[in-house]
Each structure stands twice: as structure tokens, then as C-alpha cells.
Amino acid sequence: MHMSVNLLDFDLDALAAYCEQLGEKRYRATQLFRWIHQRGASDFAQMTDLAKSLRSKLAGKAHVQALSVLSRHDSADGTIKWLFDVGAGDVIETVFIPEADRGTLCISSQAGCAVGCRFCSTGHQGFSRNLGTGEIIAQLWFAEHFLREHLGRDERVISNVVMMGMGEPLQNYAQLLPALRVMLDDHAYGLSRRRVTVSTSGVVPMIDRLGQDCPVALAVSLHAPLDALRDNLVPLNRKYPIEELLQACARYQVHAPRDFITFEYCMLDGVNDQPEQARQLVALMRQHAAQGLSCKFNLIPFNPFPASGLTRSPMPQVLAFAQILLDAGIVTTVRKTRGDDIDAACGQLAGDVQDRTGVAQRMASQRLGMLGGIKVVSVQEKQL
Ligand code: SAH
Ligand code: SF4
């Protein structure tokens, strides 16, 4: 017996190829694609203008695989978080963040994450597995159609997607790429390239691939101005140090839909939030501006979780840091924390995954000596 095919795994070209195997023309695939993604249909019988012959060919051979919803949490600020059961004990999270002028969906790319950043609760959970294209896109498919119904809207609710949920999207590139194509396709979600953001901890070769294959907005999680500190906070830095990373960013910019790269910087009290470190960032960005890099900074107040042993920088410290960047002409924003009453804020997406790599265990055993290698600027300067 053949396994039934999940149509959410396909971008339009792949769906057309599949339909061709069934002896159907490309425009039939387009119709089917629109039914699924634009109308939220999963039942072929519902797709009334689709040829009967195609509908009967699909029945039994193919299906639209929804994720199973474990729970939904609604924040007082309108943020909604879903937990999805993706099987074998793995739970992933998706977050909807409404704003006046846009609706943003924060999507997961992996069950867990193997990068193991110090300040990230997903990182502390370890890694279980990559999500399939269908599982990545199912988060958008489900949320968009749920929200239209829930909010009583018949036009599009989600205008922006950020790959900032669980996982390192560029360590799941093969599955990510078709998912991005579905997001951008006018026959599906029709999102603007500028409004789809891939956030990465810095997988340099895959930044180049993305620039070639499917340039969308890029956010890079920098978190430190120097390699010694970044090695400790973002272990992937040992493989792809800051210099190589920023060079890849400059190359990406040639293809990017926006004329800047966003650098995310999680503000950790006494660790990476000192004025001296802001000045080091300014110097770093100046040096790379000469090579064509233009940047924007997004400072993220750290969302604490017990196992991290880290604390959030006080707001005056964050603002003082931002001011140094601003004074140097760097566009800088401080991210508003949304949904923290439901643990939906950045880095709180722990889901619950089976660690299959020992990352979590390794981190736990290192935790005591965590900041051992970090040179912390000792005296906190007077604040604003
Ligand atoms: N793996 C990708 C995308 C997911 S993380 C990446 O690292 O970029 C999305 C963002 O949340 C990253 O910028 C990450 O640094 C940030 N983040 C992780 N843990 C956080 C925490 N506890 N508080 C605030 N931001 C956090
Ligand atoms: Fe992975 Fe991103 Fe968390 Fe680092 S911050 S552990 S790369 S999800």
C-alpha cells in the first residue's frame, strides 16, 4: 500500500509535478493549491470547481495533514500561542502577534534546536528533529484560517511571517525552502518578500544559499560584538565567527528585498549590555559598512527562564546601549515584549521535545561554569 501524500509538503511546482503524474494539467494544480491555501480547504469534495476526475484521483492517495492542536493560550494583549503535537513526544509552538497595521505569525522550523544558545529556552531543551515542509506550512495554514474565522474577517489576517519560533531555520534548509515559496506564492498566501523574515544564529553557507534561492528579509542573531563572548552565548560562532558572518550578510544584501539586515541582540544583564560593548558594535558595523553592509539593530530585552541563570538588563541599561548605537547613526529599536503572560515571548518557546542529541544534557552539565569564559565589564555605569 502507498502512503498517502501530504499536499502541504508541496510548493506549486511540486504540486504541479504531482498532478502531472496523475495526468492532470498545471492549471488544475493551481486550482487545487488555491483551494488549500487561500480557502483553507482540506476536503476534496468541497472543491466544487475542481474536475470530478481529479477529485476522485486524489481521494485516498493524497490528503491535507493538519497539525494536532494541544492547546491555545490567549494573552491579554491579543497575542495567541498554540502548542501543536507533532508526534513522538514533541511539541512545537506558533505565536500570532496582532498589531494595528499588521498581523505577524512566528513559526517554528524544528522540534527543539541543536545550536544551544545560553539564553534560549528552546536551546536548553535540546534537539529532536527537523520539521517537514508540511509541518512548517501547516502552522500558517492553520493560523490564517483559524484567525479569519475567529476574528470574523474574510480577508487576509496574517501579513508577516517571522521564522523566530523554535529551531534554527537554516539548519533545516531543504524543508524550509519550499515552505518559503508557498508563503510567497500569489496563489497561496502571497506574502511580500519583505514581510517574510528568516532569523538565523548565523549558518554562513546557508545564508548564501538563501540569497540565491529565495531572498527574503534576513535577521541575524548577533548578541555580542566579539568572538570570545559570542562563542559562549551562541556556540555556532565557533564554526562561523563574526567576521565570516558579517561578510555573508554583506553578500546577502545584494539579493535581499530590504536594504538592510536586522541584527537581533538579546540584552543580558552584565553580560553583553555594557556601553563599551555598544561602542565595539559601532566599530564593527562601521568596518563592515565599508564592505557594503547596512544594518538595523533590534534590542530584545531578555525573557528570563530559570535554567538560564541569566537576568534581563534593566531598561535604562537597554536605552543607554541603544543611545550609543543611535548616536553613531545606526537605526535601533527595542523590541516590545508581547505575550509574556502566556510564555509566548521570544526565547520562551520551549515547547517540549525529546532531546535526541544530548544537547540539553551537555548544557546542564556546563551550566554551573556558564559564564566562566566571559569577560564581564565589571562596573555598571550610572544610568540615564
Ligand atoms: N534560531 C533562530 C530563530 C529562532 S530564535 C535564531 O536564533 O535567530 C528567535 C530570536 O529570539 C533570536 O534572535 C533569539 O536570539 C531570540 N531569543 C532566544 N531566546 C531569547 C530569550 N530568552 N529572550 C529574548 N530573546 C531570545
Ligand atoms: Fe536555537 Fe535560535 Fe534558540 Fe539559539 S536562539 S538555541 S539558534 S532557537
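Predicted model: local features only at pLDDT ≥ 70, side-chain atom pairs only at ≥ 80, totals over all residues.
In what sense do strand β13 and β14 pair, and over how many bridges?

**Entry 1, the strand pair.** I found that β13, residues 295-301, runs parallel to β14, with four bridges between them. I then picked out Leu299 and looked up its bridge partner in β14, which is Val334.

**Entry 2, the whole sheet.** I read an open sheet of ten strands with mixed pairing, ordered β3-β4-β5-β6-β9-β10-β11-β12-β13-β14. The edges are β3 (68-74) and β14 (331-334); each has a single partner strand, so one side of each has no neighbour in the sheet. I also noted the twist, which averages 20° from one strand to the next.

I moved on to α1, residues 12-21, and asked which of its residues are buried. My list reads Leu12, Leu15, Ala16 and Cys19. Looking down the axis of α1, I see these buried residues fall within an arc of 100°, so they line one face of the helix. On the face turned away from that buried side I found Ala17 and Gln21, both exposed. The cover over the buried residues of α1 includes α2 (26-37). Just after α1, I spotted Gly23 with a positive phi of about 80°.

**Entry 4, ligand 2.** Last, I checked what surrounds ligand 2. I wrote down Cys113, Val115, Gly116, Cys117, Cys120, Thr122, Gly123, Gly167, Glu168, Ser201 and Ser221. Sorted by class, I get six polar, four nonpolar and one charged residues in this shell.

Conventions
Residues numbered from 1 in each chain as written. Chains lettered and ligands numbered in written order. Near = placed C-beta within 6 Å. Nonpolar A, V, L, I, M, F, W, Y, C, P; charged D, E, K, R; others polar. Pairing = 2+ DSSP bridges. Axes fitted to C-alpha atoms, helices over the stretch in contact; angles between N-to-C directions. Buried ≥ 20, exposed ≤ 12 C-beta atoms within 10 Å, placed from the backbone. Arc of directions from axis to C-beta. Contact = placed C-beta atoms within 7 Å.
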